[in-house]
Amino acid sequence: MNDERNESLGHSQVFKVSQVIQEDHHQLEFYYNKIINSNDPDEQKRYQNAFVWELARHSIAEELVVYPALERTISDGSGRAEKDRSQHQEKLSPSDEQFIPAIKGLWRDLSTHIKEEEEEDLVRLEEAISMTESKELASSFEKTKSFIPTRSHPNAPNKPPFETVISLM
């Protein structure tokens, strides 16, 4: 797949955790648009795989890095993290006839999650932490994504702290 957007942020000017996460959100939207706007089933499958891979890496990195920071630094951070966790439990398993409607439904839910995260959770987190902490979280987020598998086990727990550990196995 020739995708100029799929480059590591490690060499860019993006430093804050909110910027790193927003870049991931843009990458997911890019893959979504490739799936929806293609009439080629092979191309759709390639971008579906890329979408699922990026979403899995992103979600688990948030679980390991961002949500603990939300819980630690914001008064209602535990509630916000729990809401985000529940939104991450959505699964993509469309049949051939339902592929486009399923991905559109997933994107509708995911874009609501992205909007809330970018406009509320990340803003509050950035306000509550120093620039140094934000840079450390961004670095940790990127490093975490580099070793995450594409999918967790179907019977993996979905409550902290075990959901993140088990999903890595």
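**Figure 1. Phe51 and Trp107, a buried ring pair.** Both Phe51 and Trp107 are buried, where buried means under 20% relative accessible area, exposed over 50% and partly exposed in between, with a 1.4 Å probe and protein chains only. What you're looking at is a predicted model, in which local features need pLDDT of at least 70, side-chain atom pairs count only at pLDDT 80 or more, and totals for chains, interfaces and linings use all residues. Residues are numbered from 1 along each chain as its sequence is written, and side-chain values use heavy atoms, with hydrogens and water left out.

**Figure 2. Phe30 meets Tyr47.** Rings of Phe, Tyr and Trp (its six-membered ring) pair if their centres lie within 6.5 Å; planes under 30 degrees apart are stacked, over 60 edge-to-face, and the rest tilted. That rule gives five aromatic pairs. In one of them, the centres of the Phe30 and Tyr47 rings are 6.5 Å apart and the planes sit at 80 degrees, so this pair is edge-to-face. Phe30 belongs to helix H1 (residues 17-36) and Tyr47 to helix H2 (residues 41-73), so the pair ties together parts 17 residues apart in sequence. Helices here are DSSP runs (H or I, at least four residues), numbered from the N terminus. Phe30 counts as buried at 17% relative accessibility, and Tyr47 does too, at 4%.

**Figure 3. Back to Phe51 and Trp107, now for the geometry.** With ring centres 6.3 Å apart and planes at 65 degrees, Phe51 and Trp107 are edge-to-face. Phe51 is in H2 and Trp107 in helix H4 (residues 99-128), so they tie together parts 56 residues apart in sequence.

**Figure 4. Charges over rings.** A charge sits over a ring if NZ of Lys or CZ of Arg is within 6 Å of the ring centre and within 35 degrees of the ring normal. Arg57 lies over the face of Trp53, 4.1 Å from the ring centre. Over the ring of Phe15 you'll find the charged end of Lys135, 5.3 Å from the centre.

**Figure 5. The cavity.** A cavity is a set of points on a 1 Å grid over the protein atoms alone where a 1.4 Å probe fits but cannot get out, and lining residues have an atom within 4 Å of a point. There's one cavity of 30 Å³ or more. Its lining is Glu62, Val66, Tyr67, Leu70, Asp84, Glu117, Asp121 and Leu122. The largest share, four residues, comes from H2.

Conventions:
Helices (H or I, at least four residues) and strands (E, at least two) are DSSP runs, numbered from the N terminus. On a 1 Å grid over the protein atoms alone, a cavity is a set of points where a 1.4 Å probe fits but cannot get out, and a pocket is an open set with protein on both sides within 12 Å along at least five of seven lines; lining residues have an atom within 4 Å of a point. Grid points are joined across faces, edges and corners, and a volume is the space filled by probe spheres set on the points.
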